[in-house]
Protein chains: 2
Amino acid sequence: MQSTKPASGMRDFLPEDVRRREYVIGVIKNVYEHYGFEPLETPAVENIETLLGKYGDEGNKLIFKILKRGEHEASGQADLALRYDLTVPLARVVAQYQDKLPRLFKRYQIQPVWRADRPGRGRFREFYQCDVDSVGSTSPLVEAEVWGAVAEVLTRLGFTDFVIRINHRALLTSTLNAAGIPEDLHATALVAVDKLDKIGADGVGAEMASRGIATEAAAKLLAFFASRPELDQAAAFVGDDQAGTSAIANLRAILRLVEQTAAAGKVRVDMSLARGLSYYTGAIMEVTVADLAGSIGGGGRYDNLVGMFLGQHIPACGFSLGLERILVVMTERNMFPASLALSPADVMVAAFDASGLGEAMRVAGLLREQGLRVFVYPDADKIGKQIKYADSRGIPFVAMLGENERRDGTLTIKNLGTQAQDIYPQATAAAAIIEALRQRG
Amino acid sequence: MQSTKPASGMRDFLPEDVRRREYVIGVIKNVYEHYGFEPLETPAVENIETLLGKYGDEGNKLIFKILKRGEHEASGQADLALRYDLTVPLARVVAQYQDKLPRLFKRYQIQPVWRADRPGRGRFREFYQCDVDSVGSTSPLVEAEVWGAVAEVLTRLGFTDFVIRINHRALLTSTLNAAGIPEDLHATALVAVDKLDKIGADGVGAEMASRGIATEAAAKLLAFFASRPELDQAAAFVGDDQAGTSAIANLRAILRLVEQTAAAGKVRVDMSLARGLSYYTGAIMEVTVADLAGSIGGGGRYDNLVGMFLGQHIPACGFSLGLERILVVMTERNMFPASLALSPADVMVAAFDASGLGEAMRVAGLLREQGLRVFVYPDADKIGKQIKYADSRGIPFVAMLGENERRDGTLTIKNLGTQAQDIYPQATAAAAIIEALRQRG
């Protein structure tokens, strides 16, 4: 017998899963829309040249590649590939539709991406990214708005304990310089610094030594990080370094604006925040919640990437929320609203025999017109069996249509929660059910 | 320079495209939900064995196949493939989650599928299918509900001229028998009959002759079709053939129930309707609109397919709406509601200088809280340039925040449609804009 499992690292979403996912996506979209971000969708499949070379050697290996078709299939060559992130497609779109897109383009994109990572707990080969990017302006307002929007998403979803950790790429460089780490060792130093959360200061110190960084410089840097410096301390540490000073001024400008957003009080300067991706050029950020290792999203300013297909610099700042991680935490913490309808319907219409099915359909139409989600039981099974079905599906009400009800133009509504049974005129039954649903919350 | 076009046959959806697509998908989902169908989502990528051999030889060639990864990449072998339709994944899901899924399972699924067809006008390699299927019952109510739901979707989208053409697979067989076409030529005969719309009766007659069907039998069949028979004439034509008589009884039972649904008055019996796919076993249907060649969707009962992975028969009836074709017709006919917001925001907040950006963000928060979609202009450009930007983006209102407004706690609201400019207290500006938006419709 053939396996019917989904492919390795992929998931089927049964109805309750879909409803939970759509609830979260709905909140994210709603907030982004209110911040003036516009929806963009790109194909799942890209020309392979569009993706190759954009994600480093490791990334190249994780790209799902699609075989050429027809006579070329036997060649084993790939000409297409599955979308690996939402940023490279944005860069392609910005280049392709220059005449159609505005000078200031704020877009959100919520779509799956595919990576051939080794599947593991919470690590999937198909997963959704929720990206928001603002293209075309270097104003600190851009950062403040992205951070504010992200904070509002999380607040609306019920998170209260999230922290937005921020830093600045140029300030990080300036800090490394001030610690005495030569420029050509910055990249390797940052790889080590990026592990501070995981392996601690001693671990990072050892790794830096093994990467050829002088013990004294490493110690100075780590002592600075350990002092949990705010921007004032950072300013003192970098002294009169021009790039560092500008970066601090930029962060201060952003922070002043952030005070007017939902991110107020949620932002912490973290001078050791490095972010893995090398393409950031300005302020960077990462959002963490208490009981989740790693972040639930991150982003920053990257003024060199979106213009890559145009061969020019286009300022941009973005953030990517990890839908799967948000769902993990919300499920563990039971954060979904009780009012989220997970059942297939609000009410099931049950006829007593086959001759009543037409009436059942008519009544179902009546109930639907008034906004109810209605499941009509399709077969003339015994009423007990029908009610048992509704109960097993979590459908809270059964509208029964027997001979008496058909004669009198009524419906007997059984509340499966309370077992109460009441008779209503067909025209007002919907209102009674809606009211009872409202009371259940 | 690298090409930035999407891959051949694939499309990017810019914001206005996405909004139109989401509007249509929203209507479809809403109706299906009210009919008690539940959402299902399956991965874009399936194990290749799940798909191969399910769509015939032609279909096999059109499947996008994914290269094995890592050391196997050089082998040119494929182990995964892109979803080709939504029915085979449903069959897989029904087999995989027998213990979790209900005996009667009504699901809808709205996701893209990929086919390596030659791209052409209105033919894409990535396109959305909107499937609705009812699994587990043979009741005629199942068909009536599917047809009713589809009719309600189209009515809600503003279609008034659609026709649901119906037939029955067993009745078609019975008709071919009655015309004197031997069983072993039925399949080839149906391939010809399927082209009746395209090549007319003479063309079909010629093709049938070339396929070895006796002229007399072909003529009898085509004359019967040409008489536009209703079920009474069909009953007379098939005489006392058991299968044909049962099929007619089944169609009559469905039609009686359909009278209670949104499909009432929209259904036409079409004895020549064959539907290409060979897996149908009962009533079949196809929906057409006046000025579109071909259908905008089709479906029917197929009692042998959903259980294929289980090796058992599971009754099922479904319908697949073609989102891309609906969008083509709606765009040509300008059927989108005027109230569909295509602009990036309801209002743009404009500060006069950089020192006003914080206030602009605060005011934006105030307007958003009251439900408005707000775009904050990020740079301290001249006010004329800012207003020009809003106008070019179709943002209907600009909220200006100069020195006076900041001092007085007011906002000057410019209506870009009428050029009228009014001053409001900041707290009540949102209400004024909402009212003005309402009046614009």
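**Exercise 1. State how far apart the C-alpha centres of domain 1 and domain 2 of chain A lie.**

Step 1. The C-alpha centres of domain 1 of chain A and domain 2 of chain A are 52 Å apart.
Step 2. Domain 1 of chain A covers 15-44 + 83-332, and domain 2 covers 347-440; such bounds come from an automatic or database domain assignment.
Step 3. The model is predicted: local features need pLDDT of at least 70, side-chain atom pairs count only at pLDDT 80 or more, and totals for chains, interfaces and linings use all residues. Residues are numbered from 1 along each chain as its sequence is written, while chains are lettered from A and ligands numbered from 1 in the order in which they are written.

**Exercise 2. Describe how helix 8 and helix 9 of chain A pack.**

Step 1. Helix 8 (residues 196-210) and helix 9 (residues 215-226) of chain A have axes 8 Å apart, at an angle of about 160°. Axes are lines fitted to C-alpha atoms, for helices over the stretch in contact, and angles run from 0 to 180 degrees between N-to-C directions. Helices (H or I, at least four residues) and strands (E, at least two) are DSSP runs, numbered from the N terminus.
Step 2. The two helices of chain A are therefore roughly antiparallel. Angles under 35 degrees count as roughly parallel, over 145 as roughly antiparallel, 65 to 115 as roughly perpendicular and the rest as oblique.
Step 3. Helix 8 of chain A passes helix 9 of chain A in a left-handed crossing, meaning that the near helix is turned anticlockwise from the far one by less than a right angle, whereas clockwise gives a right-handed one.
Step 4. Residues of helix 8 of chain A in this contact include Leu196(A), Val204(A) and Met208(A), and those of helix 9 of chain A include Leu222(A) and Phe225(A). Contact requires C-beta atoms, placed from the backbone, within 7 Å.
Step 5. By class, ten nonpolar, two polar and no charged residues take part in the contact of helix 8 with helix 9 of chain A. Ala, Val, Leu, Ile, Met, Phe, Trp, Tyr, Cys and Pro count as nonpolar, Asp, Glu, Lys and Arg as charged, and the others, Gly among them, as polar.

**Exercise 3. Determine how helix 5 and helix 11 of chain B are oriented.**

Step 1. Their axes lie 8 Å apart, at an angle of about 50°.
Step 2. Helix 5 of chain B is therefore oblique to helix 11 of chain B.
Step 3. Helix 5 of chain B passes helix 11 of chain B in a right-handed crossing.
Step 4. Among the residues in contact are Leu141(B) and Trp147(B) of helix 5, and Ile254(B) and Leu257(B) of helix 11.
Step 5. The contact of helix 5 with helix 11 of chain B has eight nonpolar, two polar and one charged residues.

**Exercise 4. Give the strand order of the eight-stranded sheet in chain B and its edges.**

Step 1. The open sheet of chain B has the order 1-5-6-11-10-9-7-8, with mixed pairing; two strands pair if DSSP finds at least two bridges between them.
Step 2. Strand 1 (38-39) and strand 8 (267-269) of chain B are the edge strands, each pairing on one side only.
Step 3. Strand 9 (residues 283-288) and strand 10 (residues 297-301) of chain B run antiparallel and are joined by four bridges. Met285(B) has Gly299(B) as its bridge partner in strand 10 of chain B.

**Exercise 5. Characterise the contact between chain A and chain B.**

Step 1. Chain A and chain B contribute 78 residues each.
Step 2. Helix 13 (residues 357-369) of chain A gives the most to the side of chain A that touches chain B, with six residues.
Step 3. That side of chain A has 39 nonpolar, 17 polar and 22 charged residues.

Note on methods. Two residues are in contact if their C-beta atoms, placed from the backbone, lie within 7 Å.
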